[in-house]
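Here is a short briefing to read alongside the coordinates.

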2 protein chains.
Amino acid sequence: MHNFSDATRFIQQADRFLVLSHLHPDGDAIGSTLAMGHLLRSLGKEVVMVNESPVPQKFRFLPETREILMPQEVSEKFHHVIALDAADRERMGTCRELFADGVQILNIDHHATNDLYGTINVVMPTAAATVEILFDWIEFMQCKVDLSLASYIYMGLLTDTGGFRYSNTTPKVLRQAARLVELGVKSHEIADIVLETTTIGQLNLLQKALSTLQLAQDGSIAWMVLKRNDIEPDQEVEGIVNYARNIEGVDVGILFREIDEQTVKVSLRSRKKTDVGQLAKSFGGGGHARAAGCTIHASLEEAQKSVLSRLQAKREFEEA
Amino acid sequence: MHNFSDATRFIQQADRFLVLSHLHPDGDAIGSTLAMGHLLRSLGKEVVMVNESPVPQKFRFLPETREILMPQEVSEKFHHVIALDAADRERMGTCRELFADGVQILNIDHHATNDLYGTINVVMPTAAATVEILFDWIEFMQCKVDLSLASYIYMGLLTDTGGFRYSNTTPKVLRQAARLVELGVKSHEIADIVLETTTIGQLNLLQKALSTLQLAQDGSIAWMVLKRNDIEPDQEVEGIVNYARNIEGVDVGILFREIDEQTVKVSLRSRKKTDVGQLAKSFGGGGHARAAGCTIHASLEEAQKSVLSRLQAKREFEEA
């Protein structure tokens with residue numbers, strides 16, 4: 001039963017828990033943190049929720065996100081920790097400073113790369129999201145799922161499957177989503193806030209990027225450029241590269257983002273053919289076949305030239 | 001049983017059918033046409049599929065779309081017609097010219113406005129899509145659902161629920177989707193092609209629209225403008241207004257689209273408060289509270305001025 005019995009004993013044996021997830025939290029990190037905190041409190045436990053990074057604006061519509069603290073706001077050390085969606089201890093950031101000597105950790109995660117750092121490990125790489133595992137465990141314990149808990153689980157499922165669009169959208173995920181909607185989750189409101197809502201700053205950035213859009217190799221490569229002054233501090237640039245990748249006929253989409261005069265961040269996405277992970281690695285970067293990135297120490301013009309020429313050579317070689 | 005017995009007898013009594021849907025077909029129109037045609041053929045029937053409008057490019061990845069003909073390509077008259085997702089006969093366009101005298105029509109639809117024009121009517125306004133009704137009926141008949149049929153049904157569910165993001169995404173829809181994925185539907189490939197893929201023309205148009213983006217009334221109204229020369233003939237403009245509506249803090253998003261010197265099409269979307277259907281109606285247009293449109297016979301500048309001033313007055317009045 002995936003260690004659910006051990007996990008259940010773990011929460012039965014103590015009264016006070018630290019609940020955390022990984023830094024730069026996504027919807028599954030926030031959703032699983034809130035779900036775990038909410039569940040423990042409903043079982044009469046005391047809980048402190050922390051994250052190394054502030055909760056992103058788009059998740060703050062959920063009232064309990066206000067209770068997710070920064071580690072520096074917490075002075076206590078904890079003997080019982082529940083870590084969610086965190087593949088290794090590094091991913092917890094400075095939250096680790098809140099661990100007491102001899103800390104016991106319940107590690108619940110769906111990443112295949114999880115290094116099993118927990119005292120008890122509930123790691124299921126076949127799950128689309130950590131909340132999927134939590135939902136299974138909650139049903140194993142036969143706990144009540146109220147509307148808040150259901151909404152937190154739904155948010156994790158929705159975001160980690162790209163709105164049920166990625167290949168990890170299994171029949172099981174869709175059936176869990178069906179049960180959560182039955183429990184009253186306002187799925188369309190969550191989707192609207194978390195997936196659809198943007199900011200004027202984001203749209204201005206998109207407009208600037210789109211105005212630089214170019215195609216190469218018979219329209220199979222599309223790229224865009226953002227200059228230093230285009231981007232405000234802390235502005236999210238993440239989704240923009242997908243506009244290039246999503247053009248009909250394009251296999252590789254690229255965003256070149258100038259950091260300073262001699263530093264360019266390159267985001268690479270591919271649809272089917274080209275392994276952009278290999279390309280990124282050849283520039284000292286990383287990632288996988290469909291999504292990768294690298295940092296190039298050169299001017300914006302030089303970076304474009306070298307990435308595009310190496311990419312075109314790679315594609316020509318592979319097609320030959 | 002929603003008339004499923006009568007519908008079953010309808011297809012048992014004849015050997016040759018005309019299958020059609022509404023003009024300007026969306027994913028549910030194409031999906032339900034293909035599903036019905038495929039099902040009938042698997043039952044040994046002869047089928048001609050037609051649509052008044054050409055199949056949009058984004059659905060042509062499905063091989064059987066090639067068999068959906070234009071009415072002028074068909075010289076025969078039909079005694080047995082199955083109409084899908086069409087609320088009234090008007091919506092069928094010139095496909096009606098293929099009806100023999102005394103034609104019998106099986107009308108399967110989920111629109112609440114359906115006027116029950118059929119000899120047999122299977123109209124379920126609680127269904128999210130016409131394919132949802134088809135899937136129920138196919139299960140009622142205990143017919144085999146092969147991968148093609150499953151994919152057609154999935155496409156209809158996916159598109160008519162906005163990728164499972166609209167409020168019509170019921171637990172039943174999600175459970176049907178789960179069963180279809182279990183039957184082998186490559187849900188992520190369909191989502192990628194139908195929902196994510198765009199064209200360079202679409203992105204250029206988006207860029208032009210975004211470059212005109214303006215806010216009013218403390219950021220609660222956002223609008224964009226497209227001039228005649230920005231738009232190529234037959235270019236889809238539909239989704240662009242949502243970029244304005246989706247900005248954080250915005251309640252009403254508007255796209256003004258110049259048709260000629262004295263004609264402007266106005267698309268209106270609202271998030272929660274303002275009934276844009278009322279506003280559109282006051283300009284002789286139509287729609288509902290969250291999505292509406294009208295055509296104004298004035299210059300682009302005049303049209304903007306009158307819509308924005310009437311909208312602002314309406315919002316100020318309602319807040320007072």
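Which residues form one aromatic cluster? Y154(A), F164(A), Y154(B) and F164(B) do. This is a predicted model, in which local features need pLDDT of at least 70 and side-chain atom pairs count only at pLDDT 80 or more, while totals for chains, interfaces and linings use all residues. Residues are numbered from 1 along each chain as its sequence is written, chains are lettered from A and ligands numbered from 1 in the order in which they are written, and side-chain values use heavy atoms, with hydrogens and water left out.

**How the two chains relate**

- Helix α5 (residues 171-182) of chain A packs against helix α5 (residues 171-182) of chain B at an angle of about 170°, with the axes 8 Å apart.
- That makes α5(A) roughly antiparallel to α5(B); angles over 145 degrees count as roughly antiparallel, under 35 as roughly parallel, 65 to 115 as roughly perpendicular and the rest as oblique.
- Axes here are lines fitted to C-alpha atoms, for helices over the stretch in contact, and angles run from 0 to 180 degrees between N-to-C directions.
- Helices (H or I, at least four residues) and strands (E, at least two) are DSSP runs, numbered from the N terminus.
- On the chain A side, the residues that meet α5(B) are P171(A), L174(A), R175(A), A177(A), A178(A), R179(A), V181(A) and E182(A).
- Their partners in α5(B) are P171(B), L174(B), R175(B), A177(B), A178(B), R179(B), V181(B) and E182(B), where contact means heavy atoms within 4.5 Å.
- The residues of this α5(A)–α5(B) contact divide into 10 nonpolar, no polar and 6 charged; Ala, Val, Leu, Ile, Met, Phe, Trp, Tyr, Cys and Pro count as nonpolar, Asp, Glu, Lys and Arg as charged, and the others, Gly among them, as polar.

**Aromatic pairs**

- Over all chains, the structure holds 7 aromatic pairs; rings of Phe, Tyr and Trp (its six-membered ring) pair if their centres lie within 6.5 Å, and planes under 30 degrees apart count as stacked, over 60 as edge-to-face and the rest as tilted.
- In chain A, the rings of F4(A) and F140(A) have centres 5.6 Å apart and planes at 50°, so the pair is tilted.
- F4(A) lies in helix α1 (residues 4-12) of chain A and F140(A) in helix α3 (residues 130-140) of chain A, so this pair ties together parts that are 136 residues apart in sequence.
- F4(A) is buried at a relative accessible area of 3%, whereas F140(A) is partly exposed at 32%; buried means under 20% relative accessible area, exposed over 50% and partly exposed in between (1.4 Å probe, protein chains only).
- In chain B, the rings of F4(B) and F140(B) also have centres 5.6 Å apart and planes at 50°, so that pair is tilted.
- F4(B) is buried, with a relative accessible area of 3%, and F140(B) counts as partly exposed at 31% relative accessibility.

**Helix α3**

- In chain A, α3(A) is mostly covered, with 9 of its 11 residues buried.
- The buried residues of α3(A) are T130(A), V131(A), E132(A), I133(A), L134(A), F135(A), D136(A), W137(A) and I138(A).
- In chain B, α3(B) and helix α4 (residues 147-160) pack at an angle of about 145°, with axes 8 Å apart.
- V131(B), E132(B), F135(B) and I138(B) of α3(B) make this contact with L149(B), Y152(B), I153(B), G156(B) and L157(B) of α4(B).
- The residues of the α3(B)–α4(B) contact divide into 7 nonpolar, 1 polar and 1 charged.

- F164(B), in the loop between α4 and α5 of chain B, has a positive phi of about 65° although it is not a glycine.
- F164(B) counts as buried, at 0% relative accessibility.
- L279(B) lies in helix α9 (residues 276-282) of chain B and counts as buried at 2% relative accessibility.
- Leaving aside neighbours within four places in sequence, L279(B) is in contact with L268(B), V307(B), R310(B), L311(B) and K314(B).
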